[in-house]
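Here's a quick briefing for anyone opening this structure for the first time. Have the view below at hand and follow along topic by topic.

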Amino acid sequence: MRFMKRLLLFIIVIGTGYYIVTQTTMIPPTLIDRVKDKTLELMDMNELKKHFQEEENDLPEKEVEKLAIQEDLFSWIGKDPAALEKELGEAVRKDLSPYGYTWWVYTNHTSEYIQFGIANNEIQTIYVAGDDLYLETLEVGQSYASVAEHYSFAHEVRYEKGASFYTFHLTEEDLMRRPLVKLADDLFLQFYFDTYTNTLSSVRIATVDTLLSQLSYEIEYRGELPTEPELSTQEWEKVDRGMEQQVFDITNIMRYRFDKPSLKWAEDIQQVAFMHSKDMADQDYFSHESLDGRGLKERLAEKDVEYQAAGENIASQYPDAPDAMEGWLNSEGHRNVLLDEQFTHLGVGVYRLYFTQNFSRFP
């Protein structure tokens, strides 16, 4: 799956008899032909570490219910999911992914969020956000420089098996925002950094097959790539609904981290967001404005949605919901909408890797 990841922001604020529109665009790098941010200063690793040499954020302590994980997360890779259910109980949801595994989602909806990717009756990947990463050497809010002291970040990460090899090539932006390290023979750790605070936001642990299935980095290889599952229409619907809920959950996890009020799910706005994602996919375009000229204001009006303020984030072809969320967090305009404390409700629409977030404040 070779794709271009795209983000676009559109926010419309409705006041008394007037509205304000601001717009920015970000096109993240493709996997093959990387489009580099011209404002990004290229630097070697020593300069990069110096660039991020800041004190760690001291996030305020909050009293919340904790997930009862007793083991370091690394130890869960390869385990039978029955052991996971025995320790943590039943998952909040089980969301189908487009890569052959199913996400078991555990969250307390405020400070902790974990997705366990399960295929062939074993845990193959884990994504964790929230205050506690359950990893001995890592924690949310840890500075880039501090993490880099424990893990060696490089432009190339290589995996070999027999006559086959796979080399992941990381750009300067990758090194700043989502460096990758090889932990063991076929186990990798992907870091997501918040480049506005220069601190760790979340992590993903993955086997090599899981990592290769998403093709999140430019790759040079000799051998075979995992076969991409062919999903039916019904299976895609399950994937889309699961990713919508993941975007909603992770949005509130991120807002909690920055002391912003949680958002409530809005079904009518979800329908507006979904139809826009579907329209972009069906009509092969990427914009806040539909091909017939309708914008967010018109789409909300068509569904008779009443609101005082509304905002929209869209993204395209990110491999999954966590990756799209970290992309929005690291784009100034999208981040402003994502963390805007005026909003009270959120509807999320996902269709075939087109993502739309519609935020609102009700009267």
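Let's begin with helix α7, where I269, Q270, V272, A273, F274, H276, S277 and M280 are buried. Keep in mind that this is a predicted model.

**Helix α7**

- The helix covers residues 267–283, which makes 17 residues. From its first C-alpha to its last it reaches 24 Å, close to the 24 Å expected at 1.5 Å a residue.
- So what covers the buried residues of α7? The cover includes helices α6 and α8 (296–302), along with strands β13 (264–265), β14 (309–316), β15 (345–351) and β16 (354–361).
- An α-helix has 3.6 residues a turn, so residues three or four places apart point the same way.

**The seven-stranded sheet**

- If you trace the open sheet from one side to the other, you pass β3, β4, β5, β6, β11, β10 and β9, in that order, with antiparallel pairing.
- Which strands sit at the edges? They are β3 (93–96) and β9 (180–184), each of which pairs on one side only.
- Going from one strand to the next, the twist averages 20 degrees.
- Helix α6 (residues 233–257) packs on this sheet and touches β3, β4 (102–107), β5 (112–119), β6 (122–130) and β11 (199–207). The direction of α6 makes about 125 degrees with that of β3.
- Another helix, α9 (residues 321–329), lies across β5, β6, β10 and β11. Relative to β11, α9 runs at about 155 degrees.
- For a spot to look at, find V181: its bridge partner in β10 is L189.

**Aromatic rings and charges**

- Searching the whole structure turns up 19 aromatic pairs.
- Take Y144 and F193 as an example: their ring centres are 4.7 Å apart and their planes sit at 45 degrees, so this pair counts as tilted.
- Y144 belongs to helix α3 (residues 144–150) and F193 to strand β10, so the pair ties together parts that are 49 residues apart in sequence.
- Two lysines lie over ring faces. K94 is over W104, at 3.9 Å from the ring centre, and K278 is over Y351, at 5.4 Å from the ring centre.

**Backbone angles worth a look**

- Most residues other than glycine have a negative phi, and most peptide bonds are trans.
- L215 isn't a glycine, yet it has a positive phi of about 50 degrees. You'll find L215 in the loop between α5 (208–214) and β12 (218–222). With a relative accessible area of 5%, L215 is under the 20% cut-off and therefore counts as buried.
- D259 isn't a glycine either, and its phi is positive at about 60 degrees. D259 is in the loop between α6 and β13. Its relative accessibility is 48%, so D259 counts as partly exposed.

How values were computed:
Residues numbered from 1 in each chain as written. Predicted model: local features only at pLDDT ≥ 70, side-chain atom pairs only at ≥ 80, totals over all residues. Heavy atoms only, no water. Pairing = 2+ DSSP bridges. Helix = DSSP H or I, 4+ residues; strand = E, 2+ residues; numbered from the N terminus. Axes fitted to C-alpha atoms, helices over the stretch in contact; angles between N-to-C directions. Contact = heavy atoms within 4.5 Å. Expected span 1.5 Å × (residues − 1). Buried < 20%, exposed > 50% of the residue type's maximum accessible area, 1.4 Å probe, protein only. Phe/Tyr/Trp six-rings, centres within 6.5 Å; stacked < 30°, edge-to-face > 60°. Lys NZ or Arg CZ within 6 Å of the ring centre and 35° of its normal.
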